[in-house]
Number of protein chains: 2
Amino acid sequence: MAQLRIRHLLVAGGAGFLGSAFVRDRLRADPEILITVLDALRRPTAAGDLADLLEDRRFRLVQGDVCDRSLVEDLANRADATVNFASEEFVGGSRADAPAFARTDVEGTANLLEAARKFRHQRFLLASSMEVYGPLKGAPYREDDAIAPRTLPAAARAAAGMLARVYHVMHDLPILITHGVATYGPAQPVDQPVARVITAALRGVPVEVEADGSLVRDYLFVDDQAGAIARVLWKGDPGSTYNIGSGVQVSGSELADMILRLCGKPPSLKRFVKEAPRWSYAIETRRMRPLGWEPRTTLSEGLRATVDWYRKNEAWWRDRQAA
Amino acid sequence: MAQLRIRHLLVAGGAGFLGSAFVRDRLRADPEILITVLDALRRPTAAGDLADLLEDRRFRLVQGDVCDRSLVEDLANRADATVNFASEEFVGGSRADAPAFARTDVEGTANLLEAARKFRHQRFLLASSMEVYGPLKGAPYREDDAIAPRTLPAAARAAAGMLARVYHVMHDLPILITHGVATYGPAQPVDQPVARVITAALRGVPVEVEADGSLVRDYLFVDDQAGAIARVLWKGDPGSTYNIGSGVQVSGSELADMILRLCGKPPSLKRFVKEAPRWSYAIETRRMRPLGWEPRTTLSEGLRATVDWYRKNEAWWRDRQAA
């Protein structure tokens, strides 16, 4: 393959929390890139969150469904690489059922893969989740460990990843997969984990902590996650998977304590949700080092910036909570 | 759970080669069972192959799509267990692309799972394939080995299996998964592997053998495969996966030689297809023993019966080859 020179990126699900951070990062970093975002804009305020980008002539927002095959083909035909963030997890949340995930995550990815193959895209990156490995059993999961999802969002992402790998094997499509940890940061929708805790804390209502608070997760600041995905897209080895995370595990109780402290609220606001599954998650992130990426923002710095943002933008999230 | 007493089975894809063998086996074995088959009947002659069953009052054939959610719900509501054979592999074959597999295999299974959950089915069995483990690397694959599909049909089946496992974990749906080896027998569609070799041999045209003929597979006579699936449905441990095979690996060259000999044709008819991937497949089938199942038909007996059938039913397959 000739040297990689991506001129026009198709970003599916690019109006979401992480997708839009990735788009902003690329527009900042590369003056010549064109970006087309395909997004269903099913979150009521998604378009509004991208309003400032609409003035950038390098950026185009297309409202549509990743399952709309002719639309996907039309957009892929103008682009030379695809990045897919589209997942039912971000729009249907806990109300989404298996058929909804099968459509948005699996059929959507299948459409994008088929179009990328047809128009010989230079890269196809699937932004997936570390939850595809399933709950932690021993050491943090490495990229070659078995895929064993235990939730619907994770199974749908894993299915999309398997299709992508087949396109690499059968069609030599230069695919890349990222298994990212939980992302947090300013303007995260309030139904997503960290934002939910922060907005509850700021409102002074109880913050929910899974099980007895000892379950661990890895959290990564949104700009770090977006930057890592860009690094994998440009520097990753086609056909490969990359775990993206801080490499630091934090318990649910510790996370809640950090947030409550930053919000000036007492630890007694924690409410333990006993019926939650007792699942921890952790990944090994060493494979990112040769790509020259490492996280820039520590959890305490990132949470401070995030809490500050929610404090200053109360109208933004109070509106959304009412919606 | 109360004692298992399945009265009305919903069998998706039950007009296919293996599905219809399973249905016939059950109607023979259980005088009181009711069976509803949901099948798209996309194979032109599928309905004709089931014509004799239509006189059985315990049997009902519904032409429809597993992605038609309200139809699936309506049928599931009248049944108390589901068996899913529906796969794009059997109707789209090598012309099917990833979006087609995402719909038939993944969204179809998702619809059936959601309906089985809603109407509290006693069992949900997904008839999947041993190809989900991917090509053989060392010892034959066991049920707990990693899922690593390398073809589109295998990735789609694996995705369906992951969704089924999530329904077991999250909703306690009593799911079962079978990973079956290649099935063969009378009336197998002529575009499927063993039937393709037999009909080519009977016509006296070259029979295709993958690579240099040394790649191995396991083959199981259709009635044995159907009987094993029934055994898993009634005796299997909910949440579990069962490998189904003869446990005997045969090379492509050996298989072709056996068939050519039975057809009275010379070994020189073998044509080696060099560009085929060099993949062998094998599974460990010991988990079936405690269920009291073992294959009844050896490969040489099964091939003899199958070749006899194709010899006596030339009109059946000549018609289909022309279609």
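A residue is taken as buried if 20 or more other C-beta atoms lie within 10 Å of its own, as exposed if 12 or fewer do, and as partly exposed in between, with C-beta atoms placed from the backbone. By this criterion, buried residues make up 52% of the 323 residues in chain A. The model is a predicted one, in which local features need pLDDT of at least 70 and side-chain atom pairs count only at pLDDT 80 or more, while totals for chains, interfaces and linings use all residues. Residues are numbered from 1 along each chain as its sequence is written, and chains are lettered from A and ligands numbered from 1 in the order in which they are written.

Chain A contains ten helices and twelve strands; helices (H or I, at least four residues) and strands (E, at least two) are DSSP runs numbered from the N terminus. Along the principal axes, the C-alpha atoms of chain A fill a box of roughly 55 × 45 × 40 Å. Two residues are in contact if their C-beta atoms, placed from the backbone, lie within 7 Å. Of the contacts in chain A between residues at least 6 apart in sequence, 82% join residues at least 24 apart.

The domain assignment of chain A gives domain 1 (8-182 + 220-244) and domain 2 (184-218 + 248-281 + 297-322); the bounds come from an automatic or database domain assignment. The centres of the two domains of chain A, taken over C-alpha atoms, are 25 Å apart. Contact between them involves 16 residues of domain 1 and 17 residues of domain 2 of chain A. On the domain 1 side, β9 (216-221) and α7 (222-235) of chain A each supply at least two residues, and α7(A) gives the largest share, three residues. The residues of this side are nine nonpolar, two polar and five charged, where Ala, Val, Leu, Ile, Met, Phe, Trp, Tyr, Cys and Pro count as nonpolar, Asp, Glu, Lys and Arg as charged, and the others, Gly among them, as polar.

Two residues in strands of chain A illustrate its interior. A:Val83 lies in strand β4 (residues 81-84) and is buried, because it has 31 C-beta neighbours inside 10 Å. Neighbours within four places in sequence aside, A:Val83 is in contact with A:Leu9, A:Val11, A:Phe22, A:Leu125, A:Ala127 and A:Leu233. Its C-alpha atom is 9.1 Å from that of A:Leu112, 29 residues away along the chain. A:Ala127, in strand β5 (residues 123-129) of chain A, is also buried, with 30 other C-beta atoms within 10 Å. Beyond four places in sequence, the contacts of A:Ala127 include A:Val83, A:Asn84, A:Phe85 and A:Ile229.

A rotation of 180° with 0.0 Å of shift along its axis superposes chain A on chain B (RMSD 0.0 Å). That is the relation of a two-fold axis; the superposition is by least squares on the C-alpha atoms of residues with pLDDT of at least 70 in both copies. The contact takes 25 residues from chain A and 25 residues from chain B. On the chain A side, α4 (98-118) and α5 (152-171) are the elements that give two or more residues, and α4(A) provides the largest share, ten residues. By class, this side has 17 nonpolar, two polar and six charged residues. The copies meet through the same surface, because 100% of the interface residues of chain A are also interface residues in chain B.

A nonpolar core is a set of buried Ala, Val, Leu, Ile, Met, Phe, Trp, Tyr and Cys residues joined through C-beta atoms within 7 Å. The largest such core has 198 residues, and those with the most contacts inside it are A:Ala159, A:Leu163, A:Ile259, B:Ala159, B:Leu163 and B:Ile259. Not counting residues up to four places away in sequence, B:Ala159 touches A:Val106, A:Ala159, A:Met162, B:Asp105 and B:Val106.

Most residues other than glycine have a negative phi. A:Ala187 has a positive phi near 70° and sits in the loop between β7 (182-184) and α6 (193-203) of chain A. A:Ala187 is partly exposed, with 18 other C-beta atoms within 10 Å. The phi of B:Leu41 is also positive, near 50°.
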